Amino acid sequence: MERKYPHLTSPITVAGVTFRNRMFSAPMGGTDITNDGCIGPKSTAFYELRSKGGAAAVTVSECMVHESDGSHAYRLNPAILNSLACATYTADAIRRHGGMPSLELSHSGMFAGTYMTDKTKQKTMKQWGPMDTVRPDGVEVQGMTKDMIDEIVKSYGDVAAMAKRAGFEMIMIHGGHGWLINQFLSPLFNQRTDEYGGSLENRCRLAKEILTSVREAVGPRFPIEFRMSGSEFCEGGYGIEEGIEIAKQLESYVDILHVSAGTYQKTFGITHPSMFEEHGRNVFLAAEIKKHVSVPVATLGGLNDPEQMEEIIASGKADIVYMGRALLADPYLPQKVTENRDDEIVRCLRCFTCMAERAATSTRRCTVQQLVVDIRLSFARRNQSLVEFLRVSRLFHLNMKCISLQVHTRSLLEMLVLKSDLIQKLQRNMLRRKMLMQLLSQ
Ligand SMILES: Cc1cc2nc3c(=O)[nH]c(=O)nc-3n(C[C@H](O)[C@H](O)[C@H](O)COP(=O)(O)O)c2cc1C
Ligand code: SF4
């Protein structure tokens, strides 16, 4: 079979590990964490599904490396009874379907506890950051001493060693999005006057020490990926020119440079490009950085169109594309691309329901995936296939995105896209939807 997307579906070998294609699953998580900080069974199933759907690497998201961080509450810690076992089950579940299990290690620094629903507990936590300061929400942050830095650096190595023991085949170090390592890289947060602040080289020192500690723990021929923001896109933060310099400083310590963008705190809709942004609006950052480094470069941000992703790889803008929400909307996207079934892809709307659901239900419910599952079940009962559903929906010129929005996130969407033509499309499709639903219930 001749592949429609030969570059996107071609394997890539990094540090001795061969990945089956260029479509990697971005870290998405923070849900189904057990009370003692282990990955719960539903999270394992969540990551397993991404591997089953054909992603070449599946990143298990933000594992905290140190007790001073309570943001994402998942720990890999020998003091926790089931910690290693749960991580091992997850890594094995991913590998079972041919995807490479990768673990993202992170520390939230001065923004520790961001996602804690218990805000009182959050205020009692220690907040470690580059500087003594008070956060906008009144929480005090303690500037890290050399001893504290050494402790964090060591903890990254310790957790990386455990991750390798559990069967992870790659480590992603989160150095972007405004968390601890990014706070040190950023002139906005870091005004230290010691060897960790000031010059770019000094601001990169913590990242280098952490990467060295991780390398010592995992050894050679084990991919280490560094996730960075190519630009912080905010006043006082660094831009792409410094992003390039940071990449140059760090490239000899890593096997993949993963170029994301912005920060959670200031540019959420750029880090996770909203529906008002262009698909792939951050690809230019990776493309610029790639001109200056020799390690493979990954890009992401609002990508879900195989043609666009093929062009990114074919034209050399990046070597790998990561997808977060696109794989939440359709975990089988990589498989469909590989089998030339791209017309069956269920596209992410970038509606942010998955984000809102964490606060509301501690899950990653997705607007469109849920709808398809619902309708697929209806058809299964009637012994008809999803393909049949798609045929019928096309017959009715039905915009599936609009139906699902109406079903699950109408009020959220009305807030978000009052001016968008999606609402108009939605209204136009109401009638057609009714007809379809009648058909389904027959
Ligand atoms: C539901 C959800 C959870 C996420 N969780 C994490 C996370 O734990 N760690 C992280 O580094 N990025 C996280 N991200 C950011 C994604 O990895 C990715 O950078 C971002 O969503 C942009 O890619 P996309 O447009 O393909 O979704 C999350 C994104 C989403 C949508
Ligand atoms: S909930 Fe919305 S933004 Fe999240 S993956 Fe689904 S369609 Fe995309």
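How many of the 442 residues of the chain count as buried? The share is 49%, where a residue is buried if 20 or more other C-beta atoms lie within 10 Å of its own, exposed if 12 or fewer, and partly exposed in between, with C-beta atoms placed from the backbone. Please keep in mind that this is a predicted model, in which local features need pLDDT of at least 70 and side-chain atom pairs count only at pLDDT 80 or more, while totals for chains, interfaces and linings use all residues. Residues are numbered from 1 along each chain as its sequence is written, and chains are lettered from A and ligands numbered from 1 in the order in which they are written.

View 1. Helices (H or I, at least four residues) and strands (E, at least two) are DSSP runs, numbered from the N terminus. Among contacts between residues at least 6 apart in sequence, 70% join residues at least 24 apart; a contact here means two C-beta atoms, placed from the backbone, within 7 Å.

**View 2. Strand β5 (100-106) sits between β4 and β9.** β5 pairs with β4 in the parallel sense over six bridges, and with β9, also parallel, over four; strands pair if DSSP finds at least two bridges between them. Look for serine 102 of β5 as the bridge partner of threonine 59, and for methionine 172 of β9 as the partner of glutamate 104. Because seven of its seven residues are buried, β5 is largely enclosed by the rest of the structure. Met100, Ser102, Glu104 and Ser106 lie on one side, and Pro101, Leu103 and Leu105 on the other.

**View 3. Helix α4 spans residues 146-166.** Its 21 residues reach 30 Å from first C-alpha to last, close to the 30 Å expected at 1.5 Å a residue; the expected span is 1.5 Å times one less than the number of residues. The buried residues of α4 include Ile149, Ile152, Tyr156, Val159 and Ala163. In an α-helix there are 3.6 residues a turn, so residues three or four places apart point the same way. The cover over the buried residues of α4 includes β4, α2, β5, β9 and α7. Just after the helix, glycine 167 takes a positive phi of about 110°.

**View 4. Ligand 1 has 24 residues around it.** Ala26, Pro27, Ser61, Gly324 and Arg325 come nearest; a residue is near a molecule if its C-beta atom, placed from the backbone, lies within 6 Å of it. β4, α12 and α14 each supply at least two residues of this shell. The shell divides into ten nonpolar, ten polar and four charged residues. Ala, Val, Leu, Ile, Met, Phe, Trp, Tyr, Cys and Pro count as nonpolar, Asp, Glu, Lys and Arg as charged, and the others, Gly among them, as polar.

**View 5. Ligand 2 has 13 residues around it.** Here Arg325, Cys348, Thr353, Cys354 and Cys366 come nearest. α12 gives the most to the shell, with three residues, and α12, α14 and α15 each supply at least two. Nine residues of the shell are nonpolar, two polar and two charged.

View 6. Most residues other than glycine have a negative phi.
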